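Colleague: Before we discuss this model, could we look at the sequence and the coordinates together, and then work through the questions one at a time?

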Amino acid sequence: MFKSYWVKILIKGEIMGKISLEVNGRKVEKEASDNTLLSTFLREHLQLTGTHIGCDTSQCGACVVHVDGNSLKSCTALAADVNGSKVTTIEGLETNGKMHPMQEAFKKLHGLQCGFCTPGMVMSAVDLLQKNKKPSDTEIRDWLEGNICRCTGYQNIVSAVKEAATKM
Amino acid sequence: MKDFNYHSAKDSKEASKLASSSSAFLAGGMTTIPSMKLGLATYKDLIDIKNIKKLSGIKVSGKSVTIGAATKHVEVSNSKDVKKAIPSLSSLAEGIGDPQVRNRGTIGGSIANNDPSADYPSACIALNATIHTNERKIEAAKFFKGMFETALKKGELIEAIEFQIPEKSSYQKHPNPASRYAIVGVYVAKHKGDVNVAVTGAKSCVYNDKEMSKALTGNFSSSSIDGMDLDSSEMNSDMHASADFRASLVVTQAKKAVDAC
């Protein structure tokens, strides 16, 4: 029994790796198997369940987070693959309990109904405004190509992003 | 997703040394990771090549634009040098997937995967590209072998793609309304001696349409290919577009590309 225990550790030792990230300004270090997706790492290893998994096939965008300042779909990246990076999730947007201007705008202008797509939608929209301070309606719609919402019909989402652009 | 070992290679030499018959190189992972999640592909080892500095970057010389294999789509679409030398190549990159895919996906990955409806392979054919690997140089015309099949050998790694700067060029596609991949995409490039008409999405592999090339080399005007009746017998047919519709789309997109040149 003693022997088989050590064999397991050794085998595990081969496929596990240490993941070091800075998530929402906090340094984290955890062991995770090499096939751990970034979305799984955030939700199950760090309990940051604000990042949602919708389609799990990189179509819907509910899992969008920022890695080193750029948005990516966390269901289509390995945790090992972004090792050493700075990650921002929806939980990292607020400052001292105050919502981010994008979150405020989504709330004010009803940019959500069921709210499932919202974390990804907000993270994508924040990335857009980091790169383009005054986007046109077309630019907003083009940018949100990879974020699917089945409730709102997008009108209020576009309005919310425009409103946030005046506050950021 | 099944278990595998993740490796991050420091240079091409290490990457190719780690390669085996059950390994894959990982660049942006925009196709590799979804295929593995769906169980369509399994590997024992994934060899990450993103951190190899030599594989990223864009260089423009008098006659060509050379793009490192691990250069991301967003870097190609934003590059002032590419916009100036081959504007159609930068707009092709801007039209791939969505912003998150463009932030991550790479040109080398797209070409190595050779998806029948990928955008970049058409650029390689139209712009007489040379694919530089860690072992040799391969002409684009000899690189794309068939559906998801290329001339790459086991452990051979694409390092850069060298595109010839054309006199004029344009890429036009009819995208799938949901996923935005090219149901049909046509890259027209007018070089000094001849015209290439590279077609993606229509058949099992990208190809240069000889008939249209010949017509456009004679007279570079959309009227010279207007109403051309292409053979649709080898064209893809699915719920999104029948073979005949694809054949018609090829002509429509080619005309649009010529007019946009």
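**Strands, domains and contacts**

Colleague: In the hairpin of β1(A) and β2(A), which residue takes a positive phi near 50°?

Modeller: In this predicted model, strand β1 (residues 16-23) of chain A and strand β2 (residues 26-33) of chain A pair in the antiparallel sense over eight bridges, where pairing requires that DSSP finds at least two bridges between two strands. Strands (E, at least two residues) and helices (H or I, at least four residues) are DSSP runs, numbered from the N terminus. Two residues lie between the strands of this hairpin, and the residue with the positive phi is A:Asn24.

Colleague: What ipTM and pTM does the model score?

Modeller: Residues are numbered from 1 along each chain as its sequence is written, while chains are lettered from A and ligands numbered from 1 in the order in which they are written. As this is a predicted model, local features need pLDDT of at least 70 and side-chain atom pairs count only at pLDDT 80 or more, whereas totals for chains, interfaces and linings use all residues. Chain B has a mean pLDDT (the predictor's confidence in each residue, from 0 to 100) of 96, with 100% of its residues at 70 or more. For the model, the scores are ipTM 0.91 and pTM 0.93.

Colleague: Which residue of β5(A) stands opposite A:Glu22?

Modeller: In β2(A), the bridge partner of A:Glu22 is A:Lys27, and A:Ile19 stands opposite A:Lys30 in that strand. On β1(A) there are also two bridges to strand β5 (residues 86-88) of chain A, and these two strands run parallel. In β5(A), the residue opposite A:Glu22 is A:Lys86.

Colleague: What share of the residues in chain A is buried?

Modeller: Chain A holds six helices and five strands, arranged along the sequence as α-β-β-α-β-β-β-α-α-α-α, and its C-alpha trace spans about 65 × 30 × 25 Å along the principal axes. A residue is taken as buried if 20 or more other C-beta atoms lie within 10 Å of its own, exposed if 12 or fewer do, and partly exposed in between, with C-beta atoms placed from the backbone. By that count, of the 168 residues in chain A the buried share is 42%.

Colleague: Which element gives the most residues to the side of domain 1 of chain A that touches domain 2 of chain A?

Modeller: Chain A is divided into domain 1 (19-92) and domain 2 (101-167), with bounds that come from an automatic or database domain assignment, and 21 Å separate their C-alpha centres. Between them, 15 residues of domain 1 of chain A are in contact with eleven residues of domain 2 of chain A, contact meaning C-beta atoms, placed from the backbone, within 7 Å. β3 (64-67) and β4 (70-73) of chain A are the elements that give two or more residues to the domain 1 side; with three residues, the one that gives the most is β3(A).

Colleague: By class, how many residues are there on the side of domain 1 of chain B that touches domain 2 of chain B?

Modeller: Chain B is divided into domain 1 (5-164) and domain 2 (169-260), whose C-alpha centres lie 23 Å apart, and the contact takes 22 residues from domain 1 of chain B and 21 residues from domain 2 of chain B. On the domain 1 side, α5 (87-94), α8 (120-126) and β8 (144-146) of chain B give two or more residues, and α8(B) gives the most, with five. Ala, Val, Leu, Ile, Met, Phe, Trp, Tyr, Cys and Pro count as nonpolar, Asp, Glu, Lys and Arg as charged, and the others, Gly among them, as polar. The tally for this side is eleven nonpolar, ten polar and one charged.

Colleague: Which residues are in contact with B:Val250, leaving aside its neighbours within four places in sequence?

Modeller: B:Val250 is one of the residues with the most contacts inside the largest nonpolar core, which has 121 residues; such a core is a set of buried Ala, Val, Leu, Ile, Met, Phe, Trp, Tyr and Cys residues joined through C-beta atoms within 7 Å. In soluble globular proteins, nonpolar side chains tend to be buried together. The residues in contact with B:Val250 beyond those neighbours are B:Val184, B:Val186, B:Val199, B:Ala202 and B:Leu230.

Colleague: By class, how many residues are there on the side of chain B that touches chain A?

Modeller: The contact takes 19 residues from chain B and 24 residues from chain A. On the chain B side, β1 (5-8), α2 (32-37) and α6 (99-102) of chain B each supply at least two residues. Sorted by class, that side has eight nonpolar, five polar and six charged.

Key:
Two residues are in contact if their C-beta atoms, placed from the backbone, lie within 7 Å.
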